[in-house]
Every structure is written in structure tokens, then in C-alpha cells.
Amino acid sequence: MKKTMYEKIWDSHRVVDVEGQAPLIYVDRHLMHEVTSPQAFEGLRLSNRKVRNPHSILATMDHCVPTKNRELPIADPIARKQIEVMAENCLENGLNLYDMKSPNNGVIHVVVPEHGFVHPGMVVVCGDSHTATHGAFGALAFGIGTSEVEHVMATQTLPQQKSKTMLIQVNGKLSKYASAKDVALAIVGKIGTAGGNGHVIEYAGDAIKELSMEGRMTLCNMAIEAGARAGLVAPDEKTYSYLKGREFAPKGENWDLAMAYWQSLPSDADAVFDTIIILDAADIAPQVSWGTSPEQVIGVDGCVPAPESFENEGKRKACESALAYMGLTPNTKITDIPVDLVFIGSCTNGRIEDFRIAAEVAKGTTVAKGVTAIAVPGSYHVKKQAEDEGLDKIFIDAGWEWRDPGCSMCLAMNGDELTKGQRSASTSNRNFEGRQGKGGRTHLVSPAMAAAAAAAGHFVDIRNL
Amino acid sequence: MDPYKKHDSIAALMNRNNVDTDQIIPKQFLKKVERSGFGAHLFHDWRFNDDGSDNAEFELNKPAFKGAHILVAGDNFGCGSSREHAPWAIADYGFNTIISTSYADIFYNNCFKNGILAIIVDSSQLDTLMAEINANEGVRFTVDLENQQVTTPAGNDFTFEIDPFRKGNLLSGLDDIGLTLKHVDKITAYEAQHKQTYPWLWA
């Protein structure tokens with residue numbers, strides 16, 4: 001029978017089918033951060049259970065860590081406690097932790113690929129919905145809850161129902177100004193935040209093949225914003241050359257064995273998908289979200305929509321409440337919306353390529369009066385690489401703050417946040433109410449669009465620069 | 001986990017679509033290292049005014065909905081982050097049943113691991129239930145998981161589908177990990193084979 005990549009990975013990881021239960025699936029890699037793990041370790045201790053495969057786990061601290069003055073103790077005592085508990089739990093269980101002081105520290109979904117910890121064909125989990133990022137390598141990677149974190153630590157498996165499969169084919173060539181982020185946002189805009197519910201998405205087509213590994217990570221990262229369990233891109237030469245030589249990549253004879261397996265993974269030519277969506281890359285303009293859900297998004301040359309433009313009553317109501325929260329009026333041109341703060345970073349857009357693209361736009365500009373612009377590398381390795389290339393200078397000369405790595409303003413748990421009514425251009429993944437601070441107004445954009453907005457003080461169509 | 005028992009309870013109404021986990025439990029409450037006490041912060045940013053007083057406009061603050069164990073909500077409930085703090089907060093506040101047309105996948109899984117029955121109905125059924133609550137705020141529904149049935153005073157009764165594994169665990173209050181560890185020999189055998197087939201993962 002012809003199989004999709006998802007079905008191949010699924011079949012090879014089925015440990016046991018139990019009558020009347022969901023099948024148990026084997027987990028190869030388990031990623032961890034400080035926010036969703038403490039209660040799982042507590043559960044293990046209370047039930048006298050042990051971590052089954054400590055070597056399958058890689059942990060970091062990212063959500064609560066400060067992005068400046070890191071040598072000082074964390075001011076928030078509850079965040080400090082969470083960081084301390086993480087260190088204690090990893091030490092007690094013999095887990096590999098890149099703590100705040102480690103040169104390897106950074107956002108989990110940026111750090112893990114840097115070290116080659118995830119390979120094609122793996123099943124990868126993390127107590128974090130953006131685990132979908134690692135689908136860029138052709139790994140089945142998905143977010144789980146804390147009870148499941150405990151379950152995986154104790155058993156190395158998870159009971160899972162099989163998902164449906166969705167093929168999203170992006171044909172043609174993206175314009176120079178449209179990035180993976182714009183593709184991700186355009187897809188969520190098209191199918192909605194529930195469009196992928198119950199599905200694993202495979203992204204294919206010429207425009208996807210052309211994306212760099214960083215771009216594929218950005219795209220898969222936001223599969224969850226379309227409601228999908230995971231996103232996948234078939235591994236190819238780009239994947240292999242990215243992995244080769246990295247710390248946890250296979251070496252010597254094992255490399256050849258791994259390659260043979262990886263090359264067997266792409267979906268068979270006639271494999272059947274439950275749902276197929278086709279987009280033309282040429283139609284994708286730089287995107288800007290205008291509402292409080294990632295599906296509320298439009299091309300930068302568009303206008304804020306009016307509630308009555310939606311036929312569906314639920315969407316009409318959602319538009320009304322989003323506009324009230326965002327302080328926007330219908331038919332305002334997107335390029336007339338001012339910004340107060342610009343954030344480049346996160347597991348969506350905190351990689352070296354993102355800073356290179358943003359620096360190209362920021363070069364020789366000055367951050368507009370009244371605007372704060374912060375660049376937060378996804379990891380210390382990204383930070384160092386950017387500094388080696390002189391990108392930090394470009395940002396600093398343009399009036400940006402150049403920070404230490406962390407999740408930072410993506411979810412504002414570490415003190416970096418918007419105040420009530422402040423409006424951001426943000427390269428992160430969610431524009432939910434209060435996500436970047438209570439009353440804060442988030443517009444999701446690509447790194448190039450963020451850098452252009454910082455200089456202009458409002459959104460700019462980068463195609464006209 | 002306490003076994004899920006047949007009960008009748010006030011059904012509270014939240015007529016909004018795409019309620020996300022950032023609203024269910026805002027991020028400033030995710031720093032605790034314990035599982036308990038999140039109910040006090042459920043829907044914090046909607047539920048409370050800036051001065052900490054109750055926001056009278058917020059639906060769950062209506063006196064008629066106090067003490068509700070059933071939450072009737074709009075489409076795609078629980079989208080966004082995987083934080084299990086969301087169902088912890090919902091359960092700790094007192095809800096053990098949610099009725100909606102759809103849920104985000106991770107949130108749905110998390111509910112059942114925390115003793116919350118997430119019932120799926122079609123949109124016309126949901127409209128009917130919402131209308132019944134609107135017409136009679138404080139109305140009590142009866143939820144019978146054993147027979148997969150919900151009954152209401154206006155007679156908008158319905159049966160619902162549920163995965164038998166999830167149903168069994170809710171009814172017995174059984175721990176998932178314990179169930180899985182019954183198959184530990186199979187896991188060990190799989191791992192032995194895994195080491196042979198994918199030696200690079202174990203190098």
C-alpha cells in the first residue's frame with residue numbers, strides 16, 4: 001500500500017495495539033523547558049517512578065529567563081523558583097540541561113536543531129505546542145500536556161490516536177519579499193485556526209522545497225496555529241547537509257545507515273491524503289495580522305476588514321471583538337497602523353537567517369521616534385554567529401536593543417512585555433489577547449516587515465522600499 | 001483522579017468561539033511548580049477588573065452560573081498553547097464537563113487526563129442548548145457518562161460519542177501511566193529491536 005510520510009513514521013513507532021485502547025507509540029526524543037515540566041517530575045516522585053531513557057531528553061530554560069542583566073538574580077521570585085526547580089529536577093534525573101549560564105542556552109526549538117538532536121523519521125515530543133517546528137526535518141513532532149510529559153518520562157511511549165493527513169501544496173515561486181512566515185500566516189488565514197484540527201500537515205510543492213531549513217522550521221512551527229497536530233516537510237539534501245557534523249547527528253558508519261532510512265521516508269508518489277489544499281506562492285504578499293487570532297491576517301497592501309464583510313456569524317462577532325480590543329477601525333489601511341514596539345525573535349523567527357534578513361532592512365536606518373525595537377536571538381549560538389557577522393552592530397547603530405536569548409516577548413513571561421494599549425510588530429506566532437502583556441496589541445509579521453516597521457513607525461509594504 | 005459520576009448541575013454558557021488557552025489561564029500564572037490552585041486565576045483577564053474586583057460583564061460572573069460544573073462553549077475551545085494549566089484551572093474552578101462543537105487537539109487530550117469530560121455536539125445541538133440556557137439562566141443539565149447521555153429540563157436530550165478508552169478511564173479514575181506499564185515487556189522488546197534498526201539513535 002502507498003503510504004504518506006506520516007503513516008511511515010507512525011507504523012514504525014507502534015509499540016503495541018491494545019484492544020479498546022489507543023495504540024502506544026514510541027517516543028525517540030523528549031524536549032523540555034521549565035514551564036510545563038515541574039508538575040511532571042513531581043508526579044514521578046510521588047509514584048516512585050524513574051525516567052526510563054534519560055539520554056532521550058534535552059532540556060533548556062527559555063520561557064522565564066531575563067534577556068538582559070542575566071548576571072543578576074531573577075527579580076520575580078516565582079520565576080526564580082521555577083528555574084531552580086528545573087535545575088534540581090535535571091540534576092536528580094541525570095538529564096542534559098542547557099541552563100541559563102550555558103553557552104548552548106536558548107529557546108528549546110532553536111537549540112535542539114542547532115545540536116542536531118532531532119533527525120528525520122523520529123517521534124519527538126515536548127510540553128510545548130511549538131514542537132511542531134521539528135517537522136522541518138521530517139520528524140513527527142508534536143506538543144503534549146504535562147501529564148503526557150510524565151507519561152513519556154516513565155514509559156518512553158504515549159497512547160495516541162492516529163491523525164488524519166493533510167497535504168498543503170505551495171506551487172510556484174515566492175516573491176523576494178515573501179518569507180516562510182508569510183506562507184505560514186497565509187495558510188492560517190486560508191484554512192483558519194481549526195482548519196487542521198485532527199490532522200498532520202505535510203507541506204510540499206516547489207515553494208517549500210526552495211525554503212531553507214530555517215524557513216521550513218518557521219513554517220512547521222506555525223502548523224499548530226492552523227490547529228494541526230504536527231507539520232512535516234520531506235527530508236532532502238538540504239536536511240542532510242544541515243545535520244551533517246552536528247553534535248548529536250549520526251557519525252561514521254551510522255551516518256550511512258541513517259541516510260538509507262531517511263531517504264525511505266518521503267511520501268510515496270501515489271499516497272492518499274485525507275485533505276488537500278493548494279496555494280500559489282506568487283499570490284502570497286507580506287502578511288500582517290490585524291486581530292486577536294492568527295487567522296485574522298491580511299496582505300500588507302490590504303485594509304482592516306469590516307465585521308459585515310464576514311458571512312459567518314461567528315467570524316463576524318470575532319472580528320467585532322478583535323477590532324475593539326485592537327483599537328482599530330474597519331477599512332484602515334494596514335500601512336497606516338502605527339507601532340510602539342518591534343520584537344524580532346522567538347521559536348518562529350529567532351534564527352540566524354531571520355536576523356540576517358532583518359539586518360539587511362535595518363541597515364542604515366534609525367528606529368522611529370517613540371518606537372522601542374528589541375532583537376532577541378533564539379540562542380547564544382545565534383547571538384554569537386550574528387555578532388561574528390557584525391549584525392549586532394547594524395541593529396545597535398539603528399537604535400535597537402540587542403538582547404540575550406529567550407522566549408521573551410513571544411509570551412511575555414520574563415518581564416519583557418507590552419503595556420496596556422501598546423501596539424507591536426512581532427515576529428512571534430500568536431496575537432491572542434494579552435499574550436504580550438495585558439491590553440497589549442500584537443501584529444504578527446515576518447522579520448523583514450518588523451525591521452521596516454521599526455524604521456517607519458508604522459507598517460510598510462517592503463515591496464516598495 | 002476521581003471517578004466521573006452521573007450528576008446534574010448548572011450549565012454555564014460562554015458563547016464565544018476560539019477561546020484560547022492564553023485566556024483560560026493567562027501566562028503570568030504559569031510559573032507555579034504545583035498542580036493546584038489555578039482555579040482562582042481561570043479566565044483572569046476577562047474575569048477581573050484592573051482593580052481586582054469581579055468584572056460584572058463577564059459571563060461566568062453571573063450569579064445564575066455560580067457553582068456550575070458544566071460549561072457550554074463556542075467552537076474550537078482551548079486552541080493555542082499546550083499548557084495543561086488550562087484544564088487544571090478549569091477543573092480546579094469546579095467544571096468537570098465541557099460541551100462544544102470542537103476542541104483543539106492537545107487541549108482535548110489534556111481534559112481527559114484531568115477528569116474533565118469534553119463532549120462534542122453538532123452546531124445545531126449547540127445552538128439549541130445555548131438557547132435553553134439563555135432562556136433560563138441557572139438551568140441544570142444531567143450528564144450520564146455511562147449511558148453517554150445528556151438530559152435537559154426542556155427536553156433537548158442527546159446522546160454523544162466518546163472513545164471507549166477515554167470513557168473507561170474517566171469512569172474508573174484510572175492512571176494512564178499504570179495502564180501503559182502493564183505493557184512494559186512489549187516496550188522493552190520494542191526498544192531492543194529499535195536499537196538494532198536505528199543504532200545511531202543509541203550511539
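# Exercises on a predicted two-chain model

B:Asn18 sits in the loop between β1 (7-14) and α1 (21-24) of chain B; helices (H or I, at least four residues) and strands (E, at least two) are DSSP runs, numbered from the N terminus. The model is predicted, so local features need pLDDT of at least 70 and side-chain atom pairs count only at pLDDT 80 or more, while totals for chains, interfaces and linings use all residues. Residues are numbered from 1 along each chain as its sequence is written, chains are lettered from A and ligands numbered from 1 in the order in which they are written, and side-chain values use heavy atoms, with hydrogens and water left out.

## Exercise 1: Backbone angles

Task: find the phi of B:Asn18 and of A:Ala412, and say where A:Ala412 lies.

Step 1. Most residues other than glycine have a negative phi.

Step 2. B:Asn18 is not a glycine, yet its phi is positive, about 55 degrees.

Step 3. A:Ala412 also is a residue other than glycine with a positive phi, near 55 degrees. A:Ala412 belongs to the loop between β17 (401-402) and β18 of chain A.

Step 4. With a relative accessible area of 6%, A:Ala412 is buried (buried means under 20% relative accessible area, exposed over 50%, partly exposed in between, with a 1.4 Å probe and protein chains only).

## Exercise 2: A covered strand

Step 1. Look at the two faces.

Step 2. Look at the partners; two strands pair if DSSP finds at least two bridges between them. Strand β3 (residues 29-32) of chain A runs parallel to β6(A) and is joined to it by three bridges, with A:Arg29 opposite A:Val124. Strand β7 (residues 140-143) of chain A pairs with β6(A) in the parallel sense over four bridges, and here A:Val123 stands opposite A:Leu140.

Step 3. Take one residue of β3(A), A:His30. A:His30 is buried, with a relative accessible area of 0%. Contact means heavy atoms within 4.5 Å; beyond its neighbours within four places in sequence, A:His30 has contacts that include A:Ile57, A:Val125 and A:Met153.

## Exercise 3: An enclosed helix

Task: why is helix α16 (residues 447-456) of chain A described as largely enclosed by the rest of the structure?

Step 1. Eight of its ten residues are buried, so the helix is largely enclosed. Among them are A:Pro447, A:Met449 and A:Ala454.

Step 2. The cover of these buried residues includes β15 (341-344), α13 (352-362) and β18 (423-426) of chain A.

Step 3. Just after α16(A), A:Gly457 has a positive phi of about 85 degrees.

## Exercise 4: The interface

Task: how many residues of chain A and of chain B take part in the contact, and what area is buried?

Step 1. Chain A gives 78 residues and chain B gives 58 residues.

Step 2. Buried area is the accessible area (1.4 Å probe) that two parts lose on being put together, summed over both. Here the value is about 5500 Å², of which carbon and sulfur atoms give 53%. In chain A, A:Gln39, A:Arg52 and A:Lys438 lose the most area to chain B, together 11% of what that side buries.

Step 3. A salt bridge is a side-chain nitrogen of Lys or Arg within 4 Å of a carboxyl oxygen of Asp or Glu. The rule finds seven across the interface. A:Asp76 forms a salt bridge with B:Lys31, where the closest N and O atoms are 2.8 Å apart.
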